[in-house]
Amino acid sequence: MFKNFSPSLFFSMAAVTIVVVAPFIMIFHPIFQMDSFQYNNSAATFIPNPINLRLVLVACFFAIVMLWILAYRRNIKVYLIGLLLFILSVGIGYLSTQNYLLISQEQLERHHLFEEQQYRWEDFDEVVYEYVVGSNKGDITFTTKTGDQFVIKEKELHSTGRSLIYQFSRANEVTYIEREKR
């Protein structure tokens, strides 16, 4: 029954396997990211960015396209395109592990795609939480003593992170302001 090896069947079955496994990868990716990141659980809170799930989906899509192209035809040009798609898939998969927010007693560290921000609590001058009336969600704007500003959007933060930001800003004597969004 399986006497002759079929590369087309192999590549197409690998693509179908990724289609089946991709939802599980997306479900367990935040857990994997939190468990593989080295930090002290009692002193810091690690919050993965929601964009990571979309990046995992794009990485799986590139892998599926690569395997379907290889199942359809195999020549030097297709192998080079497949190699490029594989590198893109691995690169985007790696990038999906590099987006997070780390809130600790000493500092606030935010990695978002290719942007990295790391500030100690003493560097902040003001923290402003702007919310919508009737909702418990809002954006948090950080202003440093040098005048730099950055915003953490409501979708990047949950209530525990917001509470920790409030506690750490009060503990480090940083002005914390709550106000309605305009």
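Mentor: By the rule used here, a side-chain nitrogen of Lys or Arg within 4 Å of a carboxyl oxygen of Asp or Glu, the count comes to two salt bridges. This is a predicted model, in which local features need pLDDT of at least 70 and side-chain atom pairs count only at pLDDT 80 or more, while totals for chains, interfaces and linings use all residues. Residues are numbered from 1 along each chain as its sequence is written, and side-chain values use heavy atoms, with hydrogens and water left out.

Trainee: What makes Arg-179 and Glu-130 a salt bridge?

Mentor: Their closest N and O atoms are 3.1 Å apart, and the pair is therefore counted, since the limit is 4 Å. Arg-179 lies in strand S8 (residues 175-180) and Glu-130 in strand S5, so the pair ties together parts that are 49 residues apart in sequence; strands here are DSSP runs (E, at least two residues).

Trainee: Why is Glu-130 called buried, and what is Arg-179 called?

Mentor: Buried means under 20% relative accessible area, exposed over 50%, and partly exposed in between, with a 1.4 Å probe and protein chains only. Glu-130 has 18% and is therefore buried, whereas Arg-179, with 30%, is partly exposed.

How values were computed. Helices (H or I, at least four residues) and strands (E, at least two) are DSSP runs, numbered from the N terminus.
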